[in-house]
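Dear colleague,

Please find the structure below, together with a summary of what was found in it. I would be grateful if you could read the summary alongside the coordinates.

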Amino acid sequence: MSDTIKSKRLEGTHLIVETKDGTNTYDAKFLVAALLIYIARGSGQIEPEEAAKMIDLIEDHFHMQGAESLELLTRAMTEMAENPELGQSLVDLAPTLSESDKEDIALMALKVIAADGRREVAEMEKFNEAVQAIGISPDTVHRAFDRYFAETMPGL
Amino acid sequence: MGGAAVSDDGWILRPATAADIVALMDWFRSKEDVEIWGGPEFVYPFTLETFRRDIRWERINSYSLFDPRGTFAAFGQLYLRKQRVHLARLVVAPTMRRRGVGKRLIGRLMAVGRSLYASSEYSLFVFRGNVSALECYRSLGFEVVDYPQDMPHADVCYFLTRPHELEEK
């Protein structure tokens, strides 16, 4: 996929995107991978620890094999680099996510941000943009933060 | 993958990992970027599979350089080519350019190469249009020499070598 989007439509849980090069289909898995990449890129570049964390999180959340999650992540990375408009289009998949999904996604994003040992302001800004874009409510974000702190700092 | 991690001044060079390759892929956002780095045959748009194949991930020693904050700063490969330590696919992260990172990378790769292989020279190829890289290599003592007859792209690339003994001077 390498050109401006000509049309897009939601069919069930899949987003069908047409460009001059052909038609591609995206689902919630791709949306999650793309969203994590968008946030990890917030600091300027994806760090290896962030890449490894994204692979693990996608693998766990979607019950995928390691090679599958790696392939999904790199596909999302490449397609988003080729087509900067794609990220905005993927927002159309947000209605296919449940509140529970959204909370899990917010939690995954927080874990990716912290993966390289630094919580960059720019990454938190991207996080805020992303949660707004896919309609994650402040309450859901709070629950994700609670879970994040409970998992990473259980003594608090 | 040969060669131990080398650390100096807080900068660390270590053998590249699979996660490094994923991060590395994100440094290339256009066909031109990839061609200057990996050559005209490098497939773009790439997939993980084509990227790994085109950098010969399974066959060549690959290294990642990290700055004192732990930021992935540069990547490079080395192997023995015609009795020389050959440096290949050298690249500095887009966010880290023009800060001398390339020189740090090459210095550390040369040290690893010396420890791995019995040779008296280093070599590398560079695209003629990659002026900043060419300047960097020349500043480190590399000189343009006759292009190997058995290699393609003589019309668009230079071949440079440098003796090891410059390090003692």
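Predicted model: local features only at pLDDT ≥ 70, side-chain atom pairs only at ≥ 80, totals over all residues.

The buried residues of α4(B) are B:G102, B:L105, B:I106, B:R108, B:L109, B:M110, B:V112 and B:G113. An α-helix has 3.6 residues a turn, so residues three or four places apart point the same way.

Turning to chain A, this chain has seven helices and three strands, in the sequence order β-β-β-α-α-α-α-α-α-α. A compact globule of 156 residues would have a radius of gyration near 15 Å, and the 15 Å of chain A therefore agrees with that expectation. Along the principal axes, the C-alpha atoms of chain A fill a box of roughly 55 × 30 × 30 Å. Of the 156 residues in chain A, 42% are buried. Among its contacts between residues at least 6 apart in sequence, 65% join residues at least 24 apart.

The largest nonpolar core comprises 90 residues, and A:L36 and A:A109 have the most contacts inside it. Helix α1 (residues 28-40) of chain A supplies the largest share of this core, with eleven residues. Beyond its neighbours within four places in sequence, A:L36 is in contact with A:M54, A:M108, A:A109 and A:V112.

With kind regards

Definitions and conventions:
Residues numbered from 1 in each chain as written. Chains lettered and ligands numbered in written order. Helix = DSSP H or I, 4+ residues; strand = E, 2+ residues; numbered from the N terminus. Rg over C-alpha atoms; globule rule 2.2 N^0.38 Å. Buried ≥ 20, exposed ≤ 12 C-beta atoms within 10 Å, placed from the backbone. Contact = placed C-beta atoms within 7 Å. Core = buried A, V, L, I, M, F, W, Y, C linked by C-beta atoms within 7 Å.
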